[in-house]
Amino acid sequence: RPGRRTAMASTRRTDILSLIHLRSDGRRPHEIRHMSCHLGALPSTTDCGSALPTSACSGSSLVSMGLTQVLCVVRGPCDVGRRSEELPDRATLEVNMRSAPFAPPGDRRNVNPTTDRRLIEQSHLLQKALSASILLHLYPKSKISVTVMVLADDGGRLEAAINASTLALMDAGIPLKDMVCACSAGRWNAGGSDEIVVDLNRREIQTATGTGGGGGGGSSS
């Protein structure tokens, strides 16, 4: 049967790759996926009044890590909408991470970024990483907004979001202490022996965690 032959061919390919210590996509354990970066993916403007990520843009970037693709837009520094949210000694950093309905393969659900647990957690981790890098004290009583849209999710979306955010901040001309970059790492069983692999894809995350993936393994920045 065609379905059985396809499954057997896939199994044979996986077994062969495992015997020669290659991962399911043909990479070596310490080999990352093909990566591309594009600064200025959207036209820059100075208007910060709108909440739409495409209507006001101080800097932007488009990062692809394998089949995972992330678009990041930075707005600001600009005035804070509410005086109660102002900080007298530094800027307020607002980070929002969203996922397009077509981003996860085979899953077309429209995820709400305000209620999805994974997106909320990854937004907090992204804000923590960027807060340690941006010189917020140079912009008191102002706001810097970072919006990340996951366009395609094949694993490692948090790491791609960190890399894209750093490039978008650089494109916006916002001073940084240093560039923040990230890559996932995890354990991989090859031929009965565990090895450390980097830049896990969605299939490797599902194998390691037994879940549907959606974010990546442990990230190092």
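**Terms and what they rest on**

Modeller: Of the 221 residues of the protein chain, 40% count as buried. The model is predicted, so local features need pLDDT of at least 70 and side-chain atom pairs count only at pLDDT 80 or more, while totals for chains, interfaces and linings use all residues. Residues are numbered from 1 along each chain as its sequence is written, and side-chain values use heavy atoms, leaving out hydrogens and water.

Biologist: What makes a residue buried, exposed or partly exposed?

Modeller: Buried means under 20% relative accessible area, exposed means over 50%, and partly exposed lies in between, with a 1.4 Å probe and protein chains only.

Biologist: Why is Ser123 called buried?

Modeller: Its relative accessible area is 10%, and the limit is under 20%, so the word buried applies. Ser123 sits in helix 2.

Biologist: What makes a stretch a helix or a strand?

Modeller: Both are DSSP runs, numbered from the N terminus: a helix is H or I with at least four residues, and a strand is E with at least two. The protein chain has four helices and eight strands, in the order α-β-β-β-β-α-β-α-β-β-α-β.

**Helix 2**

Biologist: How do you know that the length of helix 2 is close to what is expected?

Modeller: The expected span is 1.5 Å times one less than the number of residues. Helix 2 (residues 117–131) has 15 residues and reaches 21 Å from its first C-alpha to its last, close to the expected 21 Å.

Biologist: Which residues of helix 2 are buried, and why are they said to be on the same side?

Modeller: Leu119, Gln122, Ser123, Leu126, Ala129 and Leu130 are the buried ones in helix 2. They share a side because they cover an arc of only 130 degrees around the axis, where the arc is that of the directions from the helix axis to the C-beta atoms. An α-helix has 3.6 residues a turn, so residues three or four places apart point the same way. Arg117, His124 and Lys128 are exposed on the other side of helix 2.

Biologist: What do the buried residues of helix 2 pack against?

Modeller: They pack against strand 4 (92–99), strand 5 (142–152) and helix 3 (157–172). Ser123, for one, touches Val95, Asn96 and Met97, leaving out residues up to four places away in sequence; contact means heavy atoms within 4.5 Å.

Biologist: What makes a set of residues a nonpolar core?

Modeller: The set must be buried Ala, Val, Leu, Ile, Met, Phe, Trp, Tyr and Cys residues, joined through side-chain atoms within 4.5 Å. In the largest one, which has 32 residues, Ile144 and Val146 touch the most other members. Helix 3 gives the most to this core, with eight residues.

Biologist: Why is Ser145 called buried, and what makes its link to Glu94 a polar contact?

Modeller: Ser145, in strand 5, has a relative accessible area of 3%, so it counts as buried. Its side chain comes to 3.3 Å from the side chain of Glu94. A polar contact is a pair of N or O atoms within 3.5 Å; within protein, one must be able to donate a hydrogen and the other to accept it, and residues adjacent in sequence count only if both atoms are side-chain atoms. The pair therefore qualifies.

Biologist: What makes the peptide bond from Gly76 to Pro77 cis?

Modeller: Its omega is near 0 degrees. Pro77 belongs to strand 3.
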